[in-house]
Structures are given as structure tokens and as C-alpha cells.
Amino acid sequence: MGKKTYQVGAYAFASKAEYERAKKEQETIQYLMANTNTADGKSLLKIYNRSIEKGSFQTAVGLEFLINIRRRLIDSGMFSEDTIAPIPVAASPAPVQDGADRSKSQIDPAKQVQRYKDAYEAAVAGRKIRNMAIIILLVVVIGMLLITYRSEYSVFTYFTNYKEKIRNEVVDEYEDWQDQLEEKEKQLEKRQSTLDAK
């Protein structure tokens, strides 16, 4: 009986540990592609850079994914080859015996997938909260503007109606005062004429 081979896509792996890692990387790739707008170059660049920073992909399956993203970014014309970080290729890790403890430095792909899911859900929740806050602030600002616009003395009416209204009030007050004076003069003249007649 021949040695058992572990296959993921077009790649065959010699150990079960490498095979498991490749499977987890393939799941991560499927999740990322399902939840990313692949037509948006900026989103692809973000995934590419984050994957390289965190060393998310180390098997041939993951490296092929990174190569494809890099090629798409360059072919889009938005980015040049010099502006995109190169893909680091780590030396092949020593084969891990089945059942042996994994090294602490080795990243658990299941945790990696969960981390991406959590980050995506947090971003969606943050976007919803931000949009709600913007809508509430917009309603408050519009309400304040309406109240200000409808009030008698506001920023909108200060330079037009306000001065004219005060001028009219002063003129009206002066006219009332003049009418009162004329009325008193007439009363005094009447008294004077009655006193002169006696």
C-alpha cells in the first residue's frame, strides 16, 4: 500500500498538518471572497496587505490566492508593482507529526477565519451606528434651522427685517407721542380760551 497523500485543489501535501492548514486557508479564502467586493481595488488591497502583515497564508493554496490578488491589483492599473508589498515566502516548516502539539508560533487557521468574521461583523455594526448618529444629528440641525427661520428675530432676518421693524416701531412711537402732544395742546388751548372768555 502506497503512502497516503492529502490533496486540496491542485496541491498534494505530504503531511496531515500541512493538509489541515491548507484546508483552513481555503476556507478563509472562500469566506473573504464571499464577503468582499472584488471589483473594488481598495478592498482587495486591504485584504492583501492585512494577509501579508499577519502571515495568514503560508501554504501553496494561500500563496496562490495572494499571487492572484497581486496580479489583479497590478492589472487594474490602480496600483503599480512597486507600490504593492511583495509576498513573503517562509521556509517550509518542519513536518509536524500527527497528534503532536503545534508550535505556539503557528497560527490556527480556524481562529484566523473567526477573527476575520468578527472584524467584518464589527465593521458592519460600527457603520450602522455611525449612520444612525449622522441621521439623528441631521434631524436635529434641520429642526434648529426651521425654528430659527420661523422665529421673529434670527440670523436669517437680522439684516433685513429686524432693522426695518425697529425703525418702524420708533417712528410709530414718535407719531403716537406727537399725537398725544397735539391732543394736550388742544386741551390747553381750550382751557385758555375758556379762561380768556371769563
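Reader: What pattern does the protein chain follow, read along the sequence?

Author: This is a predicted model. Read along the sequence, its protein chain follows β-β-α-α-α-α-α. That gives five helices and two strands.

Reader: And what share of the residues is buried?

Author: Of the 198 residues in the protein chain, 21% are buried. As for contacts between residues at least 6 apart in sequence, 59% join residues at least 24 apart.

Reader: Let us turn to helix packing. At what angle do α2 and α3 pack?

Author: Helix α2, residues 41-54, and helix α3, residues 60-76, pack at about 145°. Their axes are 10 Å apart, and the crossing is left-handed.

Reader: Which residues make that contact?

Author: On the α2 side they are Gly-41, Leu-44, Leu-45, Ile-47, Tyr-48, Ser-51 and Ile-52. Helix α3 contributes Phe-65, Leu-66, Ile-69, Arg-70, Arg-72 and Leu-73.

Reader: How do they divide by class?

Author: The contact of α2 with α3 has nine nonpolar residues, two polar ones and two charged ones.

Reader: Ser-51 was on your list. Is it buried or exposed?

Author: Ser-51, in helix α2, is buried, because its relative accessible area is 1%, under the 20% cut-off.

Reader: Which backbone oxygen lies 2.8 Å from its side chain?

Author: That is the backbone oxygen of Ile-47, which lies 2.8 Å from a polar side-chain atom of Ser-51.

Reader: What else does Ser-51 touch, not counting residues up to four places away in sequence?

Author: With those left out, Ser-51 touches Ser-56, Phe-57, Leu-66 and Tyr-116.

Reader: Now the aromatic rings. How many aromatic pairs are there?

Author: The count comes to two aromatic pairs. One of them joins Phe-57 and Phe-65 in an edge-to-face arrangement, 5.3 Å centre to centre, with 65° between the planes. Both Phe-57 and Phe-65 are buried.

Reader: Why is the pair of Tyr-174 and Trp-177 called tilted?

Author: The ring planes of Tyr-174 and Trp-177 stand at 50°, so the pair counts as tilted, that class lying between the 30 and 60 degree limits. Their ring centres are 5.9 Å apart.

Reader: Where do those two residues lie?

Author: Tyr-174 and Trp-177 both lie in helix α5, residues 155-197. They are three residues apart, about one turn of the helix.

Reader: Why do Tyr-174 and Trp-177 count as partly exposed?

Author: Tyr-174 has a relative accessible area of 48%, and Trp-177 has 49%.

Reader: A change of topic: Glu-25. Where is it found, and is it buried or exposed?

Author: Glu-25 is found in helix α1, residues 16-34. Glu-25 is buried, with a relative accessible area of 1%.

Reader: Which backbone nitrogens does its side chain reach?

Author: A polar atom of the Glu-25 side chain lies 2.7 Å from the backbone nitrogen of Gln-58. The side chain of Glu-25 also reaches the backbone nitrogen of Gly-62, at 3.2 Å.

Reader: And the strands? Where does Phe-13 lie?

Author: Phe-13 lies in strand β2, residues 11-13. Phe-13 is buried, with a relative accessible area of 10%.

Reader: What is Phe-13 in contact with, leaving aside neighbours within four places in sequence?

Author: Apart from those neighbours, Phe-13 is in contact with Thr-5, Tyr-6, Val-8, Glu-18, Tyr-19, Ala-22, Thr-59 and Val-61. Thr-59 is 46 residues from Phe-13 along the chain, and their C-alpha atoms are separated by 9.4 Å.

Reader: Last one, then. Is Gln-112 buried or exposed?

Author: Gln-112, in helix α4, residues 109-150, counts as buried at 3% relative accessibility. The C-alpha atoms of Gln-112 and Lys-54 are separated by 9.4 Å, while the two residues are 58 apart along the chain.

Technical notes. Residues numbered from 1 in each chain as written. Predicted model: local features only at pLDDT ≥ 70, side-chain atom pairs only at ≥ 80, totals over all residues. Heavy atoms only, no water. Axes fitted to C-alpha atoms, helices over the stretch in contact; angles between N-to-C directions. Helix = DSSP H or I, 4+ residues; strand = E, 2+ residues; numbered from the N terminus. Left-handed = near helix turned anticlockwise from the far one by under 90°. Contact = heavy atoms within 4.5 Å. Nonpolar A, V, L, I, M, F, W, Y, C, P; charged D, E, K, R; others polar. Buried < 20%, exposed > 50% of the residue type's maximum accessible area, 1.4 Å probe, protein only. Polar contact = N/O pair within 3.5 Å; in protein donor to acceptor, adjacent residues only side chain to side chain. Phe/Tyr/Trp six-rings, centres within 6.5 Å; stacked < 30°, edge-to-face > 60°.
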